[in-house]
Amino acid sequence: TITVLLSTENDKGSYDIFLYNLSGKVLQKRAAARGNISVSLSSLPVGSYILSVSDGSNHREWKITKNR
């Protein structure tokens, strides 16, 4: 499980969170408010993934590697 702290400085107060495989297929999608959110990788096979978080005007991505 990955925990992401969503900034309280976001005026909109909402975020879009996506988890992609390296081929670009969306594996998980959700909307979240401020605070901590958890993204579970437990049902996914070992491999690399992209975690994307956007508030509409700002966008961040991280490459995540699941080893076991």
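**Surface and charge**

I began with the surface: the protein chain exposes about 4,600 Å², and carbon and sulfur atoms supply 47% of that area. Accessible areas here come from the Shrake-Rupley method with a 1.4 Å probe, and for residues only the protein chains shown count as cover.

Before going on, I noted that this is a predicted model, in which local features need pLDDT of at least 70 and side-chain atom pairs count only at pLDDT 80 or more, while totals for chains, interfaces and linings use all residues. I also noted that residues are numbered from 1 along each chain as its sequence is written, and that side-chain values use heavy atoms, with hydrogens and water left out.

Next I looked up the charges and found 9 positive and 5 negative side chains, with the centres of the two sets 13 Å apart. Lys and Arg count as positive and Asp and Glu as negative, with His and the chain ends not counted; each charge is placed at NZ of Lys, CZ of Arg, CG of Asp or CD of Glu.

**Overall fold**

I then checked the elements: the protein chain has 0 helices and 6 strands, running β-β-β-β-β-β from the N terminus. The radius of gyration is 12 Å, close to the 11 Å that the globule rule gives for 68 residues, so the chain is as compact as a globular protein of that length. For the terms, helices (H or I, at least four residues) and strands (E, at least two) are DSSP runs numbered from the N terminus, and the radius is taken over C-alpha atoms, with the globule rule being 2.2 Å times the number of residues to the power 0.38.

Along the principal axes, the C-alpha atoms fill a box of roughly 35 × 20 × 15 Å. I found that 34% of the 68 residues count as buried (buried is under 20% relative accessible area, exposed over 50%, partly exposed in between, with a 1.4 Å probe and protein chains only). Of the contacts between residues at least 6 apart in sequence, 45% join residues at least 24 apart; a contact means heavy atoms within 4.5 Å.

I looked up Ser54 in strand β5 (residues 47-54), and Ser54 is buried at 18% relative accessible area. Its side chain reaches the backbone nitrogen of Gly56 at 3.2 Å. Beyond residues up to four places away in sequence, Ser54 touches Ser14, Tyr15, Asp16 and His59.

That took me to Tyr15 in strand β2, which counts as buried at 7% relative accessibility.

**Gly13**

Leaving aside neighbours within four places, Gly13 is in contact with Ala32, Ala33 and Arg34. From C-alpha to C-alpha, Gly13 and Arg34 are 5.8 Å apart, and 21 residues apart in sequence.

**The end of the chain**

Lastly, I checked Asn67 in the segment after β6 (59-66); Asn67 is exposed at 63%. Its C-alpha atom is 5.4 Å from that of Val46, 21 residues away along the chain. Arg68 is also placed in the segment after β6, and counts as exposed at 84% relative accessibility.

Technical notes
A polar contact is a pair of N or O atoms within 3.5 Å; within protein, one must be able to donate a hydrogen and the other to accept it, and residues adjacent in sequence count only if both atoms are side-chain atoms.
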